[in-house]
Amino acid sequence: MRKLVLLGAGYGNMRILLRLLTKELPKDIEITLVDRTPFHSLKTEFYALASGTVSDSVVRVPLPEHDRLKVVSGEIIEIRPDEKCVYLDDGVQLMYDELVIGLGCEDNYHDVPGAAEYTYSIQTIGKSRVTYEKLLGLGSGATIGIVGAGLSGIELASELRESRPDLNIKLFDRGPRILRDFPERLSNYVKGWFDEHNVDVVASSNITKVEPTTLFNHEETIAVDAVVWTAGIRPVAAVQNIDTEKDGSGRVVLNMYHQLPDFNDVYIVGDCAALPYAPSAQVAEEQAEQIVRVLRNVWNNEPLPETMPEIKLKGFLGSLGKKQGFAYLADRTVTGRIARLLKSGVLWMYKWHNG
């Protein structure tokens with residue numbers, strides 16, 4: 001049997017499984033999926049889990065079942081393309097004919113002293129659970145610092161405000177305005193929501209140090225009871241340690257078929273891939289569609305296409321609590337209840353297709 005190994009049950013590899021586990025799967029292909037958890041986690045919803053507005057079960061989707069799909073639980077510690085082998089923390093070694101790496105990312109602390117030691121995270125379902133326990137265990141009047149006002153920070157701050165109206169929430173934004181790369185109307189709407197709901201947005205911030213109960217913003221010290229870090233990501237250590245070309249953010253440089261240039265049997269999907277787009281579930285799924293096409297060509301001994309289609313993104317959707325939201329779709333800004341309903345609908349459709 002020819003062995004396809006998928007590392008990580010994230011959005012990219014879930015799309016690959018959805019497309020491959022059909023009647024068209026070649027009879028000589030065996031697929032192994034490796035993940036630390038026995039389910040697919042909806043990472044885009046971890047902000048709600050950490051805020052206590054949804055239960056753990058809401059952000060989980062069962063893995064598909066198929067007679068030629070094997071699921072292995074474990075932590076990947078090393079990937080050796082020269083050996084065509086993946087090493088797990090329990091001593092298991094997995095050989096492959098083709099490998100798709102979709103291991104996602106971890107927080108990038110940008111060498112800020114104390115950030116790794118004294119902040120909480122929503123990068124994994126396990127870390128989001130820990131963050132939930134910390135935030136929901138704080139007393140009334142406690143101060144929460146959220147460092148990073150990208151989509152994750154915005155959604156966390158708004159959801160936490162609805163969950164815990166008794167908390168003081170400070171959202172630290174490095175830019176002069178929220179979502180500065182998008183239309184000002186969108187920024188103003190989100191900022192207006194925060195003003196109305198007493199979330200303190202600290203613009204043009206620069207967190208230089210974190211201590212257990214103190215944030216340092218430029219020269220100012222700010223007393224906090226907990227800090228959640230949402231200020232950037234980088235590939236996980238197992239990907240960082242692969243000896244291959246990477247971009248300035250540590251993401252892996254690929255050829256047009258999403259392969260390692262020196263190892264055409266290794267594909268990268270999702271947050272670890274160096275692409276001209278911000279990492280997102282949407283990008284990972286679009287990559288996955290193209291990887292499936294390439295894999296079918298390889299398995300059928302057919303030539304690869306001379307060109308690959310450009311990845312076209314539809315935009316993004318964000319929530320402001322359970323009733324309001326914002327979206328940027330086809331160069332148009334949508335705000336309010338309609339945007340929130342759109343996001344809820346997209347999530348429902350995703351779970352329906354994958355569950």
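Predicted model: local features only at pLDDT ≥ 70, side-chain atom pairs only at ≥ 80, totals over all residues.
Residues are numbered from 1 along each chain as its sequence is written, and side-chain values use heavy atoms, with hydrogens and water left out.

Let me start with the record. When I speak of helices (H or I, at least four residues) and strands (E, at least two), I mean DSSP runs, numbered from the N terminus.

Now please find histidine 40, which sits in strand E3, residues 39–41. Is histidine 40 buried or exposed? Histidine 40 counts as buried, because its relative accessibility is 0%, and buried here means under 20% relative accessible area, while exposed means over 50% and partly exposed lies in between, using a 1.4 Å probe and protein chains only. Leaving aside neighbours within four places in sequence, histidine 40 is in contact (heavy atoms within 4.5 Å) with several residues, among them Ala9, Gly10, Val59, Arg60 and Tyr350. The side chain of histidine 40 also reaches the backbone oxygen of alanine 9 at 2.7 Å. That is a polar contact, by which I mean a pair of N or O atoms within 3.5 Å; within protein, one must be able to donate a hydrogen and the other to accept it, and residues adjacent in sequence count only if both atoms are side-chain atoms.

Next, the charged pairs. A salt bridge is a side-chain nitrogen of Lys or Arg within 4 Å of a carboxyl oxygen of Asp or Glu, and by this rule the count comes to 22 salt bridges.

You will find aspartate 166 in the loop between helix H5 (151–163) and strand E12, where it is partly exposed at 28% relative accessibility. Aspartate 166 forms a salt bridge with arginine 164, with the closest N and O atoms 2.7 Å apart, and arginine 164 is buried, with a relative accessible area of 10%. The side chain of aspartate 166 also makes a polar contact with the side chain of serine 140, at 3.5 Å. Not counting residues up to four places away in sequence, aspartate 166 touches Gly139, Ser140, Gly141 and Arg161.

Which residue does lysine 170 pair with in a salt bridge? The partner is aspartate 200, and the closest N and O atoms of the two are 2.9 Å apart. Lysine 170 lies in strand E12 (residues 168–172) and aspartate 200 in strand E13 (residues 199–202), so this pair ties together parts that are 30 residues apart in sequence. Lysine 170 is partly exposed at 24%, and aspartate 200 is partly exposed as well, at 34%.

In another pair, aspartate 247 and arginine 251 meet through their side chains at 3.7 Å, N to O; aspartate 247 is partly exposed at 25%, whereas arginine 251 is buried at 12%. There is also a network of salt bridges that links Arg15, Arg19, Glu285 and Glu289.

Let me turn to the backbone. Most residues other than glycine have a negative phi. Against that background, lysine 84 has a positive phi, near 55°, and lies in the loop between strand E6 (76–80) and strand E7 (85–88). Histidine 218, also not a glycine, has a positive phi of about 55°, and is found in the loop between strand E15 (214–217) and strand E16 (220–223).

Trp348, Met349 and Trp352 make a nonpolar patch of about 390 Å². Patches are made of residues with over 30% relative accessible area and no salt bridge, where like charges are joined within 9 Å and nonpolar side chains (Val, Leu, Ile, Met, Phe, Trp, Tyr) within 5 Å, and the areas come from the Shrake-Rupley method with a 1.4 Å probe, with only the protein chains shown counting as cover for residues. Tryptophan 352 belongs to helix H9, residues 337–354, and is exposed, with a relative accessible area of 56%.
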